[in-house]
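User: I would like to learn how to read salt bridges and strand pairing in a model of this kind. Could we begin with the charged side chains and then turn to a strand?

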Amino acid sequence: MPSTRRFRRSTSPTASVFSKRPFINVSACCLLFVAYLLTTATARAATFDVTITVVSPDAPRVRVEGVTATESKAWSLPAAHIPLRGPGERVSNLALRDAAGAEVPVRKLAPGEFEAARAATKFSYDLNLEPPFVTSDAAHVSWLSGGRGIIFLSDVLPVLPTKGRTTFKLPTGWQIFSVEPKGREGNYEVADMLRSLFVIGRDLREHGGQVNSMDVSYVTAGEWAFPDDELIKTSKETLDDYRKLMGAMPRRRSTVVLMPFPAQVAGHVWSAETRGGTVLLLSGRLPSKTAALAQLNGALTHELFHLWVPNGLALEGEYDWFYEGFTNYVALRAGMRRGQLTFHDFLSALGNAYDSYRRARG
């Protein structure tokens, strides 16, 4: 259980794969249908249209321009709260306009917090996406480095309605990968900004595949002690094992991403996050194929289960204490089923996890 692990709960998870068919009442169905129409109309109205431009292939900077259907005087930019390695701020050159296109004066209240003189709908700003101060946090926040990077819409965009359209303008030769559906014009229809993750850069390798009813794409970057086929094999075996355990696949599409950290780290260090349908794994590079595969197996066995728990559950509230501990337990049991762990390893890993939680502050 590496000490660098950190997870975030899915804020807007999909419907539970465990849900049971309820008793149907006609009157209740009518009320639910009316509520659905109202909710759908509200959801359609609450949208955004954003363009994210990578300014230079060699600089960790993007230009964000967009419009939202919701007028607001209060503007919050989450990226501003991610610490930089040196002095300066992540957000600069913020400009706001109203629905008519007239410029709206804006004043800064605190880092990332701004107040407009009147309601605005259009925005633009520059964003510094250099890697986070703590290298292991690179699996959880947006960054650009070495010709590739990760974009979490939840920290690149202002606090907006969660549904909308995103367009990327990338340097020549760069690619982009995401589970979000891509439109004919090259933009992405985002159903929930809080669950959206994009992998961008040059020299990225993609392999397609399917595990039961779920289409899975595998995106890799950098050189490893094992070929990409080992990532695919491990992922497929693990996903199939969990399907048998859970009774169904958690979604129709998923992406598994393996990349090096944006900075040098020890080979045994890894960090991961499962956001929506994307499993992102950043890892140090061990020179031994055997050791590297063992680390890959351990990380994926844990992380892939997050497609089911919590991302396949309709949880509300702070359930980190439940799903992290439960996932640890299920992943270790899976490791024993596949012959990767002995029962002694299983007990030792549970003990180490327990001790690490006891030592954790807060």
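Analyst: A salt bridge here is a side-chain nitrogen of Lys or Arg within 4 Å of a carboxyl oxygen of Asp or Glu. The general idea is that side chains of opposite charge can pair when their charged atoms come close. The model is predicted, and a search of the whole structure finds 12 salt bridges.

User: Which residue forms a salt bridge with Asp 241?

Analyst: The partner of Asp 241 is Arg 337, and the closest N and O atoms of the two are 2.6 Å apart. Because Arg 337 belongs to helix H5 (residues 320-337) and Asp 241 to helix H3, this pair ties together parts that are 96 residues apart in sequence. Arg 337 is partly exposed at 42% relative accessibility, whereas Asp 241, with a relative accessible area of 16%, is buried. Salt bridges can also share partners, and in this way Asp 49, Arg 165 and Glu 189 are joined into one network.

User: How many residues apart are Arg 243 and Asp 240, which both lie in helix H3?

Analyst: Within helix H3 (residues 228-246) they are 3 residues apart, about one turn of the helix, and their side chains meet in a salt bridge with an N to O distance of 3.7 Å. Both count as partly exposed, Arg 243 at 24% relative accessibility and Asp 240 at 23%.

User: Is Arg 107, the salt-bridge partner of Glu 115, buried or exposed?

Analyst: The cut-off matters for this step, since exposed means over 50% relative accessible area. Arg 107 has a relative accessible area of 51% and is therefore exposed, while Glu 115, at 32% relative accessibility, counts as partly exposed. The side chains of Arg 107 and Glu 115 meet at 2.9 Å, N to O.

User: Turning to strands, which strands pair with S12?

Analyst: Two strands count as paired if DSSP finds at least two bridges between them. Strand S8 (residues 148-152) runs antiparallel to S12 and is joined to it by 5 bridges, with Ile 150 having Val 199 as its bridge partner in S12. Strand S10 (residues 175-177) also pairs with S12 in the antiparallel sense, over 3 bridges, and there Gln 175 has Gly 201 as its bridge partner.

User: Which residues lie on each face of S12?

Analyst: Leu 197, Val 199 and Gly 201 lie on one side, Phe 198 and Ile 200 on the other, and all of them are buried, so that both faces are covered. Strand S12 (residues 197-201) is accordingly described as mostly covered, with 5 of its 5 residues buried.

Methods
Residues are numbered from 1 along each chain as its sequence is written. This is a predicted model: local features need pLDDT of at least 70, side-chain atom pairs count only at pLDDT 80 or more; totals for chains, interfaces and linings use all residues. Side-chain values use heavy atoms; hydrogens and water are left out. Buried means under 20% relative accessible area, exposed over 50%, partly exposed in between (1.4 Å probe, protein chains only). Helices (H or I, at least four residues) and strands (E, at least two) are DSSP runs, numbered from the N terminus.
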